[in-house]
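Biologist: I would like to learn how to read a protein model. Can we take one feature at a time?

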Amino acid sequence: MTDRVYPRDSPQTASPHDSSELPLKLVPPSPERPIPSPGTYVIQIPKDQVYRVPPPENSRRLQQYARRKDHRSRCRACFCWLLAVISALILLAGVAAAVLYLVYRPESPKYAVESFAIKGINVSSPSPAISPAIDVTVRAENPNNKIGIYYGRDSSATVYYSDVELCNGVIPGFYQPSNNVTVLKTALTGPGIELTSSVQKALRNGEKQGKVPLKLKLKIPVKMKVGSVKTWTIAVKVRCDVTVDTLTAKAKIVSNDCDYSWKPWW
């Protein structure tokens, strides 16, 4: 039996009739890439190839945020508009006040105490109980050329020695025209007042020295008349530091200093 001759580069294969050769095992072709074992893997994909759809709850949140932002924008616009209106009103009020001041030239009224007639205070008596009565005369001057003053009836007048209230009463209401001086007389009373021994002694010493310091406090509701227009009611407070020489009906005023303040409401 003659042997077969094969080409040099070709592998030799066993003949089915050749029993001297061992049988060959078939090897499956190896793949180009190895097969990975089961497990978890991270796959990297370029961003331009990723298409993400937001969940429905994110869409609802976006709508709510958009509505909220629109509401805030409208509120901010309303606030800016309101602020602009208020600023314009303040500016107009300032201009009007400046014009009124230049036209009417307002001046402060002046007050002074002209007389104190004191009764019912006997510091030489051993009894601490007194029932003082003081007739007060107040001079009010309105120096304005074009402004009148209405003094209301709901006023109060009180006389003090130190911090002790001696008597009180009211100031009668009246109208004071421009460039006018009005003299007011009012009777103040204070029945049933108990003085301490120290206050009695101080009053006695002051009367001996001819200097008894008293305080008169007035609170009066006032309206200004500018042309034909009346203002709202303002509160005028007058404080007068008055020193008299004696505590009798013939008391003379040694010193007199009055000051006043006001509030834009009553």
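This is a predicted model: local features need pLDDT of at least 70, side-chain atom pairs count only at pLDDT 80 or more; totals for chains, interfaces and linings use all residues.

Biologist: Where does α2 run, and how far does it reach?

Modeller: To judge a helix, set its reach beside the expected span. Helix α2 takes in residues 197-209, which is 13 residues. From first C-alpha to last it reaches 18 Å, close to the 18 Å expected at 1.5 Å a residue.

Biologist: Which residues of α2 are buried?

Modeller: Look for relative accessible area under 20%. In α2, Val199, Gln200, Leu203 and Gly206 are buried. They sit on the same side of α2, because they cover an arc of only 130 degrees around the axis.

Biologist: Which residues are exposed on the other side of α2?

Modeller: Ser197, Ser198, Lys201, Lys208 and Gln209 are exposed there.

Biologist: What covers the buried residues of α2?

Modeller: The cover includes three strands: β5 (156-161), β6 (164-169) and β10 (212-226).

Biologist: Now the core. How many residues does the largest nonpolar core have?

Modeller: The largest nonpolar core has 40 residues. Those with the most contacts inside it are Phe116, Val159, Leu214, Leu216 and Val244.

Biologist: What does Leu214 touch?

Modeller: Skip residues up to four places away in sequence. Then Leu214 touches Phe116, Ile118, Val159, Tyr160, Tyr161, Leu166, Cys240, Asp241, Val242 and Val244.

Biologist: Let me try a single residue. Is Leu188 buried or exposed?

Modeller: Leu188 has a relative accessible area of 1%, so it is buried. Its place is in strand β8, residues 180-189.

Biologist: Which residues is Leu188 in contact with, beyond its neighbours within four places in sequence?

Modeller: Among them are Pro132, Ala133, Ile134, Val136, Ala157, Val159 and Leu216. Take Ala133. Leu188 and Ala133 are 55 residues apart along the chain, yet their C-alpha atoms are separated by 5.7 Å.

Biologist: On to charges. How many salt bridges does the structure hold?

Modeller: Start with the general idea. Side chains of opposite charge can pair when their charged atoms come close. This structure holds three salt bridges.

Biologist: What is the distance between the closest N and O atoms of Arg139 and Glu114?

Modeller: Those atoms are 3.9 Å apart, and the two residues form a salt bridge. This pair links distant parts of the chain, 25 residues apart. Arg139 is in strand β3 (residues 133-142), and Glu114 is in strand β1 (residues 110-119).

Biologist: How accessible are Arg139 and Glu114?

Modeller: Arg139 has 31% relative accessibility, so it counts as partly exposed. Glu114 is at 41%, so it also counts as partly exposed.

Biologist: Which side chains meet in the other salt bridges?

Modeller: Arg139 meets Glu141 at 3.7 Å, N to O. Glu141 counts as partly exposed, at 22% relative accessibility. Arg239 meets Asp241 at 3.4 Å, N to O. Arg239 is partly exposed at 40%, and Asp241 is partly exposed at 33%.

How values were computed
Residues are numbered from 1 along each chain as its sequence is written. Side-chain values use heavy atoms; hydrogens and water are left out. Helices (H or I, at least four residues) and strands (E, at least two) are DSSP runs, numbered from the N terminus. Buried means under 20% relative accessible area, exposed over 50%, partly exposed in between (1.4 Å probe, protein chains only). Contact means heavy atoms within 4.5 Å. A nonpolar core is a set of buried Ala, Val, Leu, Ile, Met, Phe, Trp, Tyr and Cys residues joined through side-chain atoms within 4.5 Å. The expected span of a helix is 1.5 Å times one less than its number of residues. The arc is that of the directions from the helix axis to the C-beta atoms. A salt bridge is a side-chain nitrogen of Lys or Arg within 4 Å of a carboxyl oxygen of Asp or Glu.
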